[in-house]
Amino acid sequence: MSQKLIYIADDDTYIREALKTFLENAGYKVQAFESGELLLSAFSDTPCDLVILDVMMSGTNGFAACKELRRKSHVPIFMVTARDSDLDYQTGLDLGADDFFTKPVSPMTVTMKVKAMFRRIAYEREDALLNHETI
C-alpha cells in the first residue's frame, strides 16, 4: 500500500509545521500550505488522501476551501479553528467536514484521529468488497 498523502492549510506557521512534523513522524507524506488557494491548486494537480484546513485564513478560508473540495471529492476533511462556537462547528460539518478541532490543537490528537479515519476507511472498503463478493 502506498504512503498516504495529507494536505494541511493553515496560515499559522507554528501549527502548520507542528502538524506536519507529527504526521510525518507517524509515516504520512505531508504537504503544508499557508493558504486555502495554494491547497486547492495542489489538490487540482494531485489529489490527496486527507485534508486539514484552518477555518480562519485570509483569502480562501477553510469553509470556502471545504466547500470547493466537496464539489470535487469525498476526501476526508478535518477543520481547525480558534473560534469555539457551535455555529462554526455546524457550518463546517454542513459543508462536509468530517471532524473539527479547536486551537490550541494537540498535534498528537490530530495524528491519532487521522490514523482512526484511515482505519475506518480501510474497514469500510473491506466490508464493501466482502458484501459485493457475496451478492
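How many bridges join β3 to strand β4 (residues 77–81)? I started my notebook with this one. I found four bridges, and the two strands run parallel. Before going on, I noted for myself that this is a predicted model.

**Entry 1: strand β3 and its partners**

Next I turned to β1, which is joined to β3 by four bridges, with the strands running parallel. Here Ile8 stands opposite Ile52 of β3.

Then I checked how covered β3 is. Strand β3 covers residues 50–54, and five of its five residues are buried. I remembered that side chains in a regular strand alternate between the two faces of the sheet. In β3, I saw Leu50, Ile52 and Asp54 pointing one way, while Val51 and Leu53 point the other way.

**Entry 2: aromatic pairs**

I looked up the aromatic pairs and found four in the structure. I wrote down two of them.

The ring centres of Tyr7 and Phe33 are 5.3 Å apart; their planes stand at 85 degrees, over the 60 that I needed as a cut-off, so I called this pair edge-to-face. Tyr7 belongs to strand β1 (residues 5–9) and Phe33 to strand β2 (residues 29–33), so I noted a link between parts of the chain 26 residues apart. Both Tyr7 and Phe33 are buried.

For Tyr89 and Phe100, I read 4.6 Å between the ring centres and 45 degrees between the planes, so this pair is tilted. Tyr89 sits in helix α4 (residues 86–95) and Phe100 in strand β5 (residues 99–102), so the pair ties together parts eleven residues apart in sequence. Are these two buried or partly exposed? I got one of each: Tyr89 counts as partly exposed at 24% relative accessibility, whereas Phe100 is buried at 12%.

**Entry 3: Lys4**

I found Lys4 in the segment before β1. Which ring does the charged end of Lys4 sit over? It is the ring of Phe118, with the charged end 5.4 Å from the ring centre.

Lys4 is buried yet has none, and Asp49, the nearest side chain of opposite charge, is 4.7 Å away. Leaving aside residues up to four places away in sequence, I listed the contacts of Lys4 as Tyr28, Lys29, Asp49, Phe118 and Arg125.

**Entry 4: a cis bond**

Last, I looked at Lys103 and Pro104, which are joined by a cis peptide bond with omega about 0 degrees. I placed Pro104 in the loop between β5 and α5 (107–134).

Technical notes
Residues are numbered from 1 along each chain as its sequence is written. This is a predicted model: local features need pLDDT of at least 70, side-chain atom pairs count only at pLDDT 80 or more; totals for chains, interfaces and linings use all residues. Side-chain values use heavy atoms; hydrogens and water are left out. Rings of Phe, Tyr and Trp (its six-membered ring) pair if their centres lie within 6.5 Å; planes under 30 degrees apart count as stacked, over 60 as edge-to-face and the rest as tilted. Buried means under 20% relative accessible area, exposed over 50%, partly exposed in between (1.4 Å probe, protein chains only). A charge sits over a ring if NZ of Lys or CZ of Arg is within 6 Å of the ring centre and within 35 degrees of the ring normal. Lys and Arg count as positive and Asp and Glu as negative; His and the chain ends are not counted. A salt bridge is a side-chain nitrogen of Lys or Arg within 4 Å of a carboxyl oxygen of Asp or Glu. Contact means heavy atoms within 4.5 Å. Two strands pair if DSSP finds at least two bridges between them.
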